[in-house]
Amino acid sequence: MAIKVSENGRLFTLQTKDSSYQMFADSRNVLLHLYYGKKIGEENLSDLIFCTDMGFSGNPEEAGSDRSYSLDTLPQEVPSSGVGDYRDDMVRIRHADGSCAADFRFVSAEVQDGSYRVPGMPALYDTQDEKGETLVITMKEKASDVMLKLFYGVFENQNVITRAARLENHGSSAIALEKMLSFSMDVLFGDYEMVYFAGRHAMERTMERIPVQRAKVEIGSIRGTSSHHYNPAVILCEEGAGEEYGACIGACLAYSGNFVAAAQKDQKNQTRFQMGIHPTQFCFRLEEGEAFDTPQVILSYSGSGFAVLSHQYHEIIREHMCRGAYKHARRPILINNWEATYFDFNEEKILKIAKQASELGIEMLVLDDGWFGKRDDDNSGLGDWYVNEKKMNGTMAQLSSKIHALGMKFGLWFEPEMISEDSDLYRTHPEWALQIPGRVPNRGRNQLVLDMSREDVREYLLERMTTIVREASIDYVKWDMNRSLSDGFSCLLSPEKGGEVYHRFVLGVYDLLERFLAACPNLLLEGCSGGGGRFDAGMMYYSPQIWCSDNTDAINRLSIQYGSSFFYPISTVGAHVSVCPNHQTARTTPFETRGNVALSGSFGYEMDLNKIPDEEKEMVKVQVAAMKNYYDLTHEGLYYRLSAPGKKDFMAWEFVAKDQSRALITLVKTDAQGNPLPVHTKICGLNPGKQYQCKLNGRVASGETWNHAGFTLHQTLREYDSLLIEFAEV
Ligand code: GLA
């Protein structure tokens, strides 16, 4: 059992392979957070807490005359709201009388076999090989009939602890839930930094780090999606932590909508760490008997830096979050026509691209935006999911059979959640778009957003998508989403439910995804939101790969893919070779480097291969072979970041096979300097007791030697040149 409960039923220690998490219901039934760190025993750590009367930190009635007992200073699992804890709350309730207070006290706890589910939302699931365990702690609000269930899931091998919460209104009057996060934790001691991944469209997930002090460190999204701008995954780490050094706690939210993540030191230098749905544009009304569930947050601890933390996240997401026919099956190498043609295509052009691609070994043609309705640019047609048979010179089934006849699979682009004002759908159902009566809605890419909280909207989309996929034997769908939400108003919800739209939108998207995949179980789904605007663990429950960025520039991709790698398995990172000068940056990089960078992801092409010179066509064949050769490394192996963007004049990273029989280092020269310095890179993760040969220079040494001494390159690389360097056991 990974979950240990003391005899009196009040001390809970969650044990994983290398970490422990402890909490204790004290004599006043406050649930204290005591520890999250390197593995320890099950002794009660309450003794770590020392309280004095700090002044201006009031005392709850149970404290009696003890002025040192204060909700404002105790480390807690569910901080109270409005009754004397002046730090950030986790659950905020507006009661029927207008008061705003929540003070949860421990009632009982129960250990359950297996992992818990989160209704309507993604969550880590059990496999035949590995089951989680669940602790459910029930708390009661002191002065009302509101109950709170805290869920703790434990996956021992990956050092993962999940949290989620359910609030139930057992009272006779309605309450308004103004804030409800997935977790809160008060780390007792230590100085920390928060690592987060920020950016913008086409420049997502740049790693940044900032010390956590008394000024709050907070990131989040109120765009209705997890966003390009901030990713819902952060690390609270010891000051100065690096790849191989330092304690770190990761928090990764399995949710694709508005979120917040925050860390702040309090007056005692304890760090309150929190994450969950963003309270902005959020207010849930719960009538008697109704409940609200938070999304799941996936926590993981590493006592030795980011590399181990990433390995834990990669494995848990790959094995217990990603699902479907392609969870482990090799994904087809695809060619997507977007950058090749944009909207300017017809059947002939598509077939020509497919034919050339199939001759070079590419396995799937993906037809991107523009095949439906009236859609020759991005100003019209969204919502009209009917094949434009004039443009396609026939039905989609006909095109599909021609692609299949080339021995290729066939994929199709959809943007289900959107509607163009210039569409038959909008002309028939303007009320299906999110918009506020009396306001002209804000447009993004000249389109509006469908009200995904509506059952009728989802039914329409499900029928359209499944019909097309089935009729045309589609093998793959790219599920896109190309704007941020605004004007979040649903005409079906009563006024007091106006604050529920953003969350109900996400629930609606998940519901449609679930039903669509159930109807088409063999489909490979690739998520997308203008590239990586919804690159989150929640979407990975439905799509085992996500188009990582609209930016295909191999050099920009180095930092985007670097940032993505902290939490997300490399197998989830959609990465394509495109033409140069690059369409986003106008930069020219060698074809080989574009391939080498894209090989560290879910590999494909985004160009017309008819238009490249013969020597590049030959390189396509080499890249296709490399993708197959290295697939077990890139998709299932251990990933190591060997350098950080901007720190050196090259970037390097490494994959090590699960059985440590071989490893692959990718090295990209990012800057050329006069009188260049030698390129030396560290090597990680080889088996110390085995001998490995470097395929580049033939040198043989033990894993121990390579791991500690690293590797020096005996050649000079030009700017943007790159190498794949394999190490094989001999
Ligand atoms: C988004 C996607 C692109 C492409 C276009 C089509 O920007 O990220 O890959 O599919 O939409 O409109």
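The model is a predicted one, and the values below are computed from its atoms. The ligand is surrounded by 13 residues, and the space that the ligand takes is the largest pocket.

**Ligand site**

- Among the 13 residues that surround the ligand, the closest are Asp368, Asp369, Arg445, Lys478 and Asp550.
- By residue class, the shell around the ligand is made up of six charged, four nonpolar and three polar residues.
- The side chain of Asp480 places an N or O atom 2.9 Å from an oxygen atom of the ligand, while a polar side-chain atom of Trp413 lies 3.0 Å from a ligand oxygen atom.
- Trp547 also has a polar side-chain atom facing the ligand, at 3.5 Å from one of its oxygen atoms.
- The ligand taken alone exposes 300 Å², and 96% of that area is buried by the protein.

**Largest pocket**

- The largest pocket, whose space is taken by the ligand, has a volume of about 470 Å³.
- Its lining consists of 29 residues, and those nearest the centre of the pocket are His201, Asn482, Gly530, Gly531 and Asp550.
- The lining of the largest pocket divides into 12 polar, 10 charged and seven nonpolar residues.

**Largest cavity**

- The largest cavity has a volume of about 110 Å³ and is lined by 14 residues, with Leu558, Gln561, Tyr562, Tyr639 and Trp653 nearest its centre.
- At least two lining residues of this cavity come from each of helix 10 (554-564), strand 31 (638-641) and strand 32 (650-656).
- Nine residues of the lining of the largest cavity are nonpolar, four are polar and one is charged.

**Backbone geometry**

- Most residues other than glycine have a negative phi, and most peptide bonds are trans.
- Against that background, the peptide bond that joins Cys580 and Pro581 is cis, with omega at about -5°, and Pro581 is found in the loop between strand 29 (573-578) and helix 11 (591-598).
- Asn29, a residue other than glycine, has a positive phi near 65°, and its place is in the loop that runs between strand 3 (19-25) and strand 4 (31-38).

How values were computed: Residues are numbered from 1 along each chain as its sequence is written. This is a predicted model: local features need pLDDT of at least 70, side-chain atom pairs count only at pLDDT 80 or more; totals for chains, interfaces and linings use all residues. Side-chain values use heavy atoms; hydrogens and water are left out. A residue is near a molecule or strand if one of its heavy atoms lies within 4 Å of it. A polar contact is a pair of N or O atoms within 3.5 Å; within protein, one must be able to donate a hydrogen and the other to accept it, and residues adjacent in sequence count only if both atoms are side-chain atoms. Accessible areas come from the Shrake-Rupley method with a 1.4 Å probe; for residues, only the protein chains shown count as cover. On a 1 Å grid over the protein atoms alone, a cavity is a set of points where a 1.4 Å probe fits but cannot get out, and a pocket is an open set with protein on both sides within 12 Å along at least five of seven lines; lining residues have an atom within 4 Å of a point. A molecule sits in a cavity or pocket if more than half of its atoms lie within 2 Å of its grid points. Ala, Val, Leu, Ile, Met, Phe, Trp, Tyr, Cys and Pro count as nonpolar, Asp, Glu, Lys and Arg as charged, and the others, Gly among them, as polar. Grid points are joined across faces, edges and corners, and a volume is the space filled by probe spheres set on the points. Helices (H or I, at least four residues) and strands (E, at least two) are DSSP runs, numbered from the N terminus.
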